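Hi,

Here is the structure for you to look through. My notes follow below it.

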Amino acid sequence: MNTLSTHLQAATLLLFAILPTPADTISVNFVGTDSNGAIPNSLNPAESAGIVPASNWTNATGSDGSLGNLANDSGTATTTDLSWNGQSTWSWERSGDSVPNNPNGTLFNGYLDTSGNDGSHTLSVTDVPYSQYDVIVYL
């Protein structure tokens, strides 16, 4: 049984398939913005990050948006679509805190922020091409 808690305060989404053969991974990085509106947190296709290390992360920008045909970890387009609706984006830039200078640090640096309005986000993942899969959300 697959469950996903939708109470998201800050999220980076990693979606992967559990199959009898080696699993494909579909990964999305919410890149965030800094106080100047810059987007400092994109992952390059060759960079591997996450608790289940994967490359070819899709970098999602903005507090609202949609992306279609997300790529898997080999860079091949899938039928999976993602849409999200949130409050804002941000990055980890508080004084005294540090983010490692590596792909995992980049992954965890940007996030969907809950400031403003009711503090909620909606994520919708559709057309996943796998009969079974797990969803990992980093909060």
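Asparagine 69 sits in the loop between β4 (64–67) and β5; strands (E, at least two residues) and helices (H or I, at least four) are DSSP runs, numbered from the N terminus. Its phi is near 50°, a positive value in a residue other than glycine. Most residues other than glycine have a negative phi. Aspartate 127 also has a positive phi, about 60°. That residue lies in the loop between β8 (122–126) and β9 (133–138).

This is a predicted model: local features need pLDDT of at least 70, side-chain atom pairs need 80 or more, and totals for chains, interfaces and linings use all residues. Residues are numbered from 1 along each chain as its sequence is written, and side-chain values use heavy atoms, without hydrogens and water.

Next, the cores. A nonpolar core is a set of buried Ala, Val, Leu, Ile, Met, Phe, Trp, Tyr and Cys residues joined through side-chain atoms within 4.5 Å. Buried means under 20% relative accessible area, exposed over 50%, partly exposed in between (1.4 Å probe, protein chains only). The largest core has 10 residues, including Phe30 and Trp84. β2 gives the most, with three. A second, separate core has six residues, among them Leu107 and Tyr138.

Last, the rings. Phe, Tyr and Trp rings (six-membered ring for Trp) pair if their centres lie within 6.5 Å; planes under 30 degrees apart are stacked, over 60 edge-to-face, the rest tilted. There are two aromatic pairs. Phenylalanine 30 and tryptophan 84 are edge-to-face, 5.4 Å centre to centre, with 80° between the planes.

Best wishes
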